Amino acid sequence: MKNIFDAPFLKEMCAVTANMYRLGWDERNGGNISYMLDENEVGEYLDLADVIREIPTGFEAKELIGKIFIVTGTGKYFKNIENDPENNLGIIRIARDGVTAELLWGWADGGQFTSELPAHLMSHTSRLSVNPENRVIMHCHPDYTLAMTQVHEMDERKLTRTLWKQMTESIVVFPDGVGVLPWMVCGTNEIGEATAEKMKRYRLVVWTLHGIYGAGKDLDETFGLIETVEKAAIQYMLTANLPKVNIITDENLAALAKRFELDYRKDFLNL
């Protein structure tokens, strides 16, 4: 059996969490990631019959029974994952009852999955119903996106339009727009259910005064979605109080959509 520390999915998790911490998106133990893995690939590194312990998830995820995820741990700092993945990450499988996580590797210090796991499982279920290739849910607190929620009207159409108009690539990267939730208590099934409902339509959901949720087919795509929103938010916050000499018009956005053959939210444009 291969060495788990050589597994590409583990190396990817270590690299992306280190980068997110470096960017300031995941202060202290803020933020969390869950990444659905291929059972055959995991089987090259772990004995899938060897369950270390069972952990109740607090949520029934029947659609995900048998699915395997690598997940960040509760109370764990992203800055420590790269140097100590075995204590800060875990690989779990959703058990046959749908409400139990079987720990296959990790959290060697007795830890467990992020408190946001129910929200992740709900969002995974939603995204898989829309696109079976979506395997990653990523939550973090990008500085300018978070700041923007304090000063911009939190309406999906208005927020999406503003982000699209900040730079040319925005509509190309997230043509489906950005979902929005009002402030809610984190770590609850209620915010998980609300996010999952939005995830049926959006790959990105902004939590007002908290952060952002992203979904994608892999870590690169999901990181790139959030990275692009954050770049657009930076442009907005840097120029919000300055007179605009040049702008991207709705006609420009439509032209971009035509050029790149985008399936975009046409109802978000004034044409």
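Modeller: Serine 34 stands opposite valine 71 in strand E3. Strand E3 covers residues 68-72, and 4 bridges join E3 to strand E1 (residues 32-37), the two running antiparallel. Strands pair here if DSSP finds at least two bridges between them; helices (H or I, at least four residues) and strands (E, at least two) are DSSP runs, numbered from the N terminus. The model is predicted, so local features need pLDDT of at least 70 and side-chain atom pairs count only at pLDDT 80 or more, whereas totals for chains, interfaces and linings use all residues. Residues are numbered from 1 along each chain as its sequence is written, and side-chain values use heavy atoms, with hydrogens and water left out.

E3 also pairs with strand E4 (residues 89-94), through 5 bridges and again antiparallel. In that pairing, isoleucine 68 stands opposite arginine 93 in E4. E3 is mostly covered, with 5 of its 5 residues buried, where buried means under 20% relative accessible area, exposed over 50%, and partly exposed in between (1.4 Å probe, protein chains only). Ile68, Ile70 and Thr72 point one way from the strand, while Phe69 and Val71 point the other way.

Arginine 28, in the loop between helix H1 (8-22) and E1, has a phi near 45°, a positive value in a residue other than glycine. Arginine 28 is exposed, at a relative accessible area of 54%. Tryptophan 107, in the loop between strand E5 (100-106) and H5, likewise has a positive phi, near 45°, but is buried, with a relative accessible area of 1%.

Residues in contact (heavy atoms within 4.5 Å) include Pro118, Met122 and Val130 in H5, and Gly192, Ala196 and Met199 in H9. The residues of this contact divide into 6 nonpolar, 5 polar and 3 charged. In this scheme Ala, Val, Leu, Ile, Met, Phe, Trp, Tyr, Cys and Pro are nonpolar, Asp, Glu, Lys and Arg charged, and the others, Gly among them, polar.
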